Amino acid sequence: MSEHASSPEITFAHPPAEGTKRIWRVFWLLCVVTVIELGIGLAIYNIHKGADPNHTLVLMFKGMVCILSLAKAYYIVSVFMHLGDEIRNFIMTIVVPLCLFLWFIGAFLWDGDSWKKLRNTNAGRHPAKTEQHHQPAVDKDAKK
Amino acid sequence: MSTTAIPTNTKWWNGGRSPFNASYGKVMMLYFLMSDAFTFGAFLISYGTIRFSVNSWADPNQVFNSFPGFGHQNLPLAFVSLMTFILIFSSVTMVLAVHEGHKMNRKGVEKYMILTILGGLAFLGCQAWEWTHLLTGEHIAMLNDGSLSVVPTTVKMNPWGTHVPHEAIAAALQSTPHDKLAEIAATLQHGGAAHDLAAKSSAELISAIQASPDLHVNHTGPIAFGGYFFGITGFHGFHVFSGVVINVVMWAKTRLGHFDERGHYEMIEKAGLYWHFVDLVWVFVFLCFYLI
């Protein structure tokens, strides 16, 4: 905010960034990461087209795009939203509550998976069938 | 609105001074966005829970494989990557507008705000096309009663279930009523003369349908797909729309010289925070709906 401190409650202001180099660097970085993600997406597409898709490989690729997306999110928030330039305590008041997502994602995906198991085993009465293809069970879901 | 003659002991935020050395507006905008992140997060996690709980889910490469002007060519991920790049680019023009604001360069802010608004409108246009394409799409699906029908992707219909093998299609065609057979034949011809088809007998239609190389039939999939897709991309699109409205207001205020009078361009920064958040959410919508 430099000499134009936006309000008097701010006692210290960062000198403004001189150039736009950093912005453009992050722009290209985001573009490159997106292109990599698209490449992985197409790789998953081609694996699925094959006769016997390798599920471990697909899962690995999916994990990789998740990590790349988190990297993109970090750069958007830190550089474009300038959160990285704020006082550390302020950053923490935002980042620490977001840690709730760790539990949120884990618990609910686990729950979804548990529902699938219950559905496929008729609540434990049948032995589990791992993958059901061309089964009318799918239609039962559709009616829900 | 000038900042002159403020007594040194003014109680900012009633606590003596801004605890984070940032203005109230910016801090609260970031807190609002954090709460909005939880809203989007909850939607996406709920989508994930349902997706984990069923045995099959629509393959995004199959659902989103069209590009305007390319007819029925199979182009997975192409259109949505265009949308992603549009949004990244409009995020950059926004951050450049903020940068010009720091330098008190009104012309520069105006220019970059216009570019950002155009980017937002382009994204909304893309989304409108995509929705229209899905809602008016014609896909041959096997319904729960075992007959075939031509259906679009809506919140009540998901034609993207598991693949129906060829033998099963033959059996299903026998239990499909005549008007549906004519519709399926017309879809496979990509339009064609519906009247001529309706005049044909069921047996003729069935052999014509089975001879078509484009005949792909899926079961109907979990109905939740359409609801989650239209609900979440719609909620995101609504954010983009309100972001465009905010940006237009900011552009108008810049042009009228309001921020020059005020002595700073902090409002552009706050609008920018919202706009970047829209881009941030798209990263995860893109991930959850199109990539994995």
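Visitor: Which residue stands opposite I140(B) in β2(B)?
Guide: V150(B) does. This is a predicted model: local features need pLDDT of at least 70, side-chain atom pairs need pLDDT 80 or more, and totals for chains, interfaces and linings use all residues. Residues are numbered from 1 along each chain as its sequence is written, while chains are lettered from A and ligands numbered from 1 in the order in which they are written.

Visitor: What is called a strand or a helix here?
Guide: Both are DSSP runs, numbered from the N terminus: helices are H or I over at least four residues, strands are E over at least two. Chain B has 11 helices and 3 strands.

Visitor: Which residue in the hairpin of β1(B) and β2(B) takes a positive phi?
Guide: G146(B), with phi near 90°. The hairpin has 5 residues between the strands.

Visitor: Which residues have a positive phi although they are not glycine?
Guide: H82(A) has phi near 60°, and M104(B) has about 55°. Most residues other than glycine have a negative phi. H82(A) lies in the loop between α2 and α3 (88-98) of chain A. M104(B) is found in the loop between α3 and α4 of chain B.

Visitor: Why is H82(A) called buried?
Guide: A residue is buried if 20 or more other C-beta atoms lie within 10 Å of its own, exposed if 12 or fewer, and partly exposed in between; C-beta atoms are placed from the backbone. H82(A) has 20 such neighbours, so it counts as buried.

Visitor: Why is M104(B) called partly exposed?
Guide: M104(B) has 16 other C-beta atoms within 10 Å, so it is partly exposed.

Visitor: Is L173(B) buried or exposed?
Guide: Buried, because L173(B) has 22 C-beta neighbours inside 10 Å. L173(B) lies in helix α5 (residues 166-174) of chain B.

Visitor: What does L173(B) touch, not counting residues up to four places away in sequence?
Guide: L148(B), I206(B) and I209(B). Contact requires C-beta atoms, placed from the backbone, within 7 Å.

Visitor: What makes a group of residues a nonpolar core?
Guide: The members are buried Ala, Val, Leu, Ile, Met, Phe, Trp, Tyr and Cys residues, joined through C-beta atoms within 7 Å. The largest core has 71 residues; A97(B), V285(B), F286(B), L287(B) and C288(B) touch the most other members. The largest share, 18 residues, comes from α11(B). Apart from this core lies another, of 14 residues, among them A141(B) and L173(B).

Visitor: What does A97(B) contact, leaving aside neighbours within four places in sequence?
Guide: V109(B), Y112(B), M113(B), T116(B), I268(B) and G272(B).

Visitor: How does the radius of gyration of chain B stand against that of a compact globule?
Guide: The radius is taken over C-alpha atoms, and the globule rule is 2.2 Å times the number of residues to the power 0.38. For 292 residues a compact globule would have a value near 19 Å, but chain B has 26 Å. The C-alpha atoms of chain B fill a box of roughly 90 × 40 × 25 Å along the principal axes.

Visitor: Where is confidence lowest in chain A?
Guide: In helix α5 (residues 137-143) of chain A, at a mean pLDDT of 41. pLDDT is the predictor's confidence in each residue, from 0 to 100. Over residues 132-144 of chain A it is below 50. Where pLDDT is low, the predicted coordinates should not be read in detail.

Key
Contact = placed C-beta atoms within 7 Å. Pairing = 2+ DSSP bridges.
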